[in-house]
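Colleague: I am new to this structure. Could you take me through it, one question at a time?

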Amino acid sequence: MIRDITIGQYYPADSPLHRLDPRVKLVSTMLFLISLFLFRNIPGYLVATLFLWGIIRCSRVPFFYIVKGLKPVVMLLLITVLFNLFLSRQGEIFFHWWIFTVTDEGLRTAVYMAVRLIYLIVGSSIMTFVTTPNELTDGIERLLSPLNKIRVPVHEIAMMMSIALRFIPILLEETDKIMKAQLARGADLENGNILQRAKNMIPILVPLFVSAFRRANDLAMAMEARCYRGGAGRTKMKPLQYRKRDGIAYGIVCAYMIAAIAVGRFLPLRLWIF
């Protein structure tokens, strides 16, 4: 399960998305995530599905590798669907037993929420798959650069976000190694009640925190040895510059937003309760 978490990992490939400016990828990802909450009908989600499928094809990241990242959030997805399904009391009642009631509004909300969560995770994962941590740092810093005028430490914020994102796969790999080592020593991590399982996690959490602090200390010493003093006066070896392909990408995203809003809000199409 630990190895199935792909968020924050970079997948090297030679694709049109990998060659785009990181600012384009960050802005496009934010617009796509926002668009998922602007419509609530089948045509809108069909447009989003086609757009997302095209992005996956252009990224040249294996579809199985992308879907694998959904495994760790299956339980969260299931809980969200059940809460929306059984806690909604609006609309026509389809099923009722004891304290459980399923209505058309609850079923519709549960399905739409599940689709949104899946698309949110997939869309965010693709952005990290096709963007290196250094590119993410430069892109975030350039996008937030206007905040420098009000003395916001933009460079430091971007650096912290990039480091945190980069540490995700490292700590996951470290956790997997520690769990295997404890299991080899006879540790029982699956049996028992909640309190016993929490107690059994102590032999994993303690070395994990020690390893995390050790890696953080090594990183701090490496940055200090390279005379890192923040963003003041720093220059870029590869400064970001918009190219023709970046303008085309912005145009495609804008066309998607217009189509998604127009179709998702104004196209009359009704299929059963959706």
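The questions below go from the whole chain to single residues.

Colleague: What kind of model is this, and how many helices and strands does the chain have?

Modeller: This is a predicted model. The secondary structure comes to 10 helices and 2 strands.

Colleague: Which share of the chain's residues counts as buried?

Modeller: The chain has 274 residues. To count as buried, a residue needs a relative accessible area under 20%. The share that passes is 35%.

Colleague: Among contacts between residues at least 6 apart in sequence, what share joins residues at least 24 apart?

Modeller: A contact here means heavy atoms within 4.5 Å. Of the contacts in the chain that span at least 6 places in sequence, the share joining residues at least 24 apart is 74%.

Colleague: Which residue pairs with Arg23 in a salt bridge, and is that pair buried or exposed?

Modeller: Side chains of opposite charge can pair when their charged atoms come close. The whole structure holds 6 salt bridges. In one of them, Arg23 sits 2.9 Å, N to O, from its partner, Asp21. Both residues of this pair, Arg23 and Asp21, are buried.

Colleague: Where do Lys177 and Glu173 lie, and how far apart are their closest N and O atoms?

Modeller: Both lie in helix 7, residues 154-184. They are 4 residues apart, about one turn of the helix. Lys177 is partly exposed at 47%, and Glu173 is partly exposed at 43%. Their salt bridge has its closest N and O atoms 3.8 Å apart.

Colleague: In the salt bridge of Lys180 and Asp176, which residue is buried?

Modeller: The two side chains meet at 3.5 Å, N to O. Lys180 and Asp176 are about one helical turn apart, because they are 4 residues apart in helix 7. Lys180 has a relative accessible area of 49%, so Lys180 is partly exposed. At 10%, under the 20% cut-off, the buried residue is Asp176.

Colleague: Which residues make the nonpolar surface patch of about 490 Å²?

Modeller: A residue needs over 30% relative accessible area to join a patch. Leu78, in helix 4 (residues 74-87), is partly exposed at 43%. The patch is made by Met75, Leu78, Ile79, Leu82 and Phe83.

Colleague: How many disulfides are there?

Modeller: A disulfide is a covalent bond between the sulfur atoms of two cysteines. To count here, a pair of cysteine sulfur atoms must lie within 2.5 Å. Cys58 is partly exposed at 37%, and Cys254 is partly exposed at 41%. The count of disulfides is 0.

Colleague: Where is Thr131, and is Thr131 buried or exposed?

Modeller: Thr131 is in the loop between helix 5 (104-129) and helix 6 (133-143). Its relative accessible area is 2%. That value is under 20%, so Thr131 is buried.

Colleague: Which side chain joins that of Thr131 in a polar contact of 3.3 Å?

Modeller: Beyond its neighbours within four places in sequence, Thr131 is in contact with Tyr10, Pro22, Lys25 and Leu136. A polar atom of the Thr131 side chain also lies 2.8 Å from the backbone oxygen of Met127. The side chain that makes the 3.3 Å polar contact is that of Lys25.

Note on methods. Residues are numbered from 1 along each chain as its sequence is written. This is a predicted model: local features need pLDDT of at least 70, side-chain atom pairs count only at pLDDT 80 or more; totals for chains, interfaces and linings use all residues. Side-chain values use heavy atoms; hydrogens and water are left out. Buried means under 20% relative accessible area, exposed over 50%, partly exposed in between (1.4 Å probe, protein chains only). A salt bridge is a side-chain nitrogen of Lys or Arg within 4 Å of a carboxyl oxygen of Asp or Glu. Patches are made of residues with over 30% relative accessible area and no salt bridge: like charges are joined within 9 Å, nonpolar side chains (Val, Leu, Ile, Met, Phe, Trp, Tyr) within 5 Å. Accessible areas come from the Shrake-Rupley method with a 1.4 Å probe; for residues, only the protein chains shown count as cover. A polar contact is a pair of N or O atoms within 3.5 Å; within protein, one must be able to donate a hydrogen and the other to accept it, and residues adjacent in sequence count only if both atoms are side-chain atoms.
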